Every structure is written in structure tokens, then in C-alpha cells.
Amino acid sequence: MGDDIKARDIIGSAVGRGATATARDITVYTQELDQSGATISAPLRQALIEAREGIDKADIDAALKPMIIENFDKLTNELKKGDAKNSGVASGLWTMVYNVVKGIPTAVGALAALDKLRTLLGY
């Protein structure tokens with residue numbers, strides 16, 4: 001009682017597929033993006049949010065989804081560093097997330113959002 005549990009910690013496990021916690025998770029993600037003092041453009045910010053939301057909403061195996069979200073969040077954290085980001089780390093995280101989602105036939109909406117983000121990132 002009184003514990004602060006982020007929705008991303010329970011998506012796909014205790015709450016289950018299609019849980020309403022997804023909306024809260026996106027809200028937390030967006031707030032963290034806004035509060036970070038990030039040096040990213042408004043279009044990139046919006047594309048990150050849309051891609052993250054696409055991943056959350058996609059029909060992805062419950063055992064795989066947390067790993068994808070974790071790597072996407074690591075990518076976001078790296079991008080928030082602006083010019084100080086490690087391009088190799090960002091590129092590697094991008095490749096992991098994109099290739100996994102690309103291989104999931106039921107994640108078409110997430111892939112479309114990731115393609116939009118890819119264009120902005122120049123990958």
C-alpha cells in the first residue's frame with residue numbers, strides 16, 4: 001500500500017495484455033521526456049512519443065514487449081543528451097528495437113511509427 005509502481009513494470013505480466021495501464025505508461029514517458037531538459041526538437045519529441053505509444057499498443061508477445069520498451073527507453077535517454085549522446089549506443093539501441101519490431105507481423109502500427117522516427121533520426 002502506498003508503493004509507487006510504474007506501469008511499465010507491470011505491463012504484460014501482472015496486468016496482462018490490453019491492460020489500461022498503457023495509457024498511464026505513455027503519460028509517464030511523456031512527462032519524463034518533458035522534464036528531462038532534453039535538447040530535442042518538437043518533431044523528434046512527437047515522433048518518440050508516437051513510436052513508444054505504437055510499441056505499447058502493438059500485439060507483441062508479453063515476454064518480449066518489456067525488453068523492447070526497455071531498449072526504446074534507453075534509446076530515448078541517449079537521445080535526450082543532445083550533442084553529448086553516444087551515437088554508437090543510440091544506433092545500436094535503435095537497431096535492436098527496430099529489427100525486433102520489424103520481425104513481428106502484428107506490430108504494423110508500431111513499425112509505421114518507428115519508420116517516421118527513423119527518418120528524423122537519419123537511420
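Biologist: Why is the crossing of α4 and α5 called left-handed?

Modeller: The crossing of α4 and α5 is left-handed because the near helix is turned anticlockwise from the far one by less than a right angle. The model is a predicted one.

Biologist: Which residues make that contact?

Modeller: From α4 come Trp94, Val97, Tyr98, Val101 and Lys102, and from α5 come Ala110, Leu111, Leu114, Asp115, Leu117, Arg118 and Leu121. Sorted by class, the contact of α4 with α5 has nine nonpolar, no polar and three charged residues.

Biologist: How do you know whether α4 and α5 run roughly parallel or roughly antiparallel?

Modeller: Helix α4 covers residues 87-102 and helix α5 covers residues 108-121; they pack at an angle of about 150 degrees, with axes 10 Å apart. Angles over 145 degrees count as roughly antiparallel, so α4 is roughly antiparallel to α5.

Biologist: How do you know the relative direction of α2 and α3?

Modeller: The axes of α2 and α3 cross at roughly 170 degrees and come within 10 Å. The cut-off is over 145 degrees, and therefore α2 and α3 are roughly antiparallel to each other.

Biologist: Which residues meet there, and how do they divide by class?

Modeller: In α2 they are Leu48, Ala51, Arg52, Ile55, Asp56 and Lys57; in α3 they are Lys65, Ile68, Ile69, Phe72, Asp73, Thr76 and Leu79. The contact of α2 with α3 divides into seven nonpolar, one polar and five charged residues.

Biologist: What makes α3 and α4 roughly parallel or roughly antiparallel?

Modeller: The angle between α3 and α4 is about 150 degrees, and their axes lie 9 Å apart. With the limit for roughly antiparallel at over 145 degrees, α3 is roughly antiparallel to α4. The crossing of α3 with α4 is left-handed.

Biologist: Which residues of α3 and α4 meet?

Modeller: Met67, Ile68, Asn71, Phe72, Lys74, Leu75, Glu78 and Leu79 of α3 meet Val89, Ala90, Leu93, Trp94, Met96, Val97, Val100 and Val101 of α4. This contact of α3 with α4 has 13 nonpolar residues, one polar and two charged.

Biologist: How do you know whether Asn71 is buried or exposed?

Modeller: Asn71 is in helix α3. The relative accessible area of Asn71 is 9%, and buried means under 20%, so Asn71 is buried. Neighbours within four places in sequence aside, Asn71 is in contact with Leu93, Met96 and Val97.

Biologist: Why is Leu114 called buried?

Modeller: Leu114 sits in helix α5. Its relative accessibility is 0%; buried means under 20%, so Leu114 counts as buried.

Biologist: What does Leu114 touch?

Modeller: Leaving out neighbours within four places in sequence, the contacts of Leu114 are Ala51, Ile55, Phe72, Trp94, Val97, Tyr98 and Val101. Between the C-alpha atoms of Leu114 and Gly54 there are 8.1 Å, and along the chain these two are 60 residues apart.

Biologist: Which residues have the most contacts inside the largest nonpolar core?

Modeller: They are Leu48, Ile55, Phe72, Val101, Leu114 and Leu117, in a core of 30 residues. The elements that give two or more residues to this core are α1 (21-35), α2 (42-57), α3 (65-79), α4 and α5. Phe72 touches Tyr29, Leu48, Ala51, Arg52, Ile55, Val97, Leu114 and Leu117, not counting residues up to four places away in sequence.

Biologist: How many helices and strands does the protein have, and how much of it is buried?

Modeller: The protein has five helices and zero strands. Of its 123 residues, 41% count as buried. Among contacts between residues at least 6 apart in sequence, 56% join residues at least 24 apart.

Notes: Residues are numbered from 1 along each chain as its sequence is written. This is a predicted model: local features need pLDDT of at least 70, side-chain atom pairs count only at pLDDT 80 or more; totals for chains, interfaces and linings use all residues. Side-chain values use heavy atoms; hydrogens and water are left out. Axes are lines fitted to C-alpha atoms, for helices over the stretch in contact, and angles run from 0 to 180 degrees between N-to-C directions. Helices (H or I, at least four residues) and strands (E, at least two) are DSSP runs, numbered from the N terminus. Angles under 35 degrees count as roughly parallel, over 145 as roughly antiparallel, 65 to 115 as roughly perpendicular and the rest as oblique. Contact means heavy atoms within 4.5 Å. Ala, Val, Leu, Ile, Met, Phe, Trp, Tyr, Cys and Pro count as nonpolar, Asp, Glu, Lys and Arg as charged, and the others, Gly among them, as polar. A nonpolar core is a set of buried Ala, Val, Leu, Ile, Met, Phe, Trp, Tyr and Cys residues joined through side-chain atoms within 4.5 Å. Buried means under 20% relative accessible area, exposed over 50%, partly exposed in between (1.4 Å probe, protein chains only).
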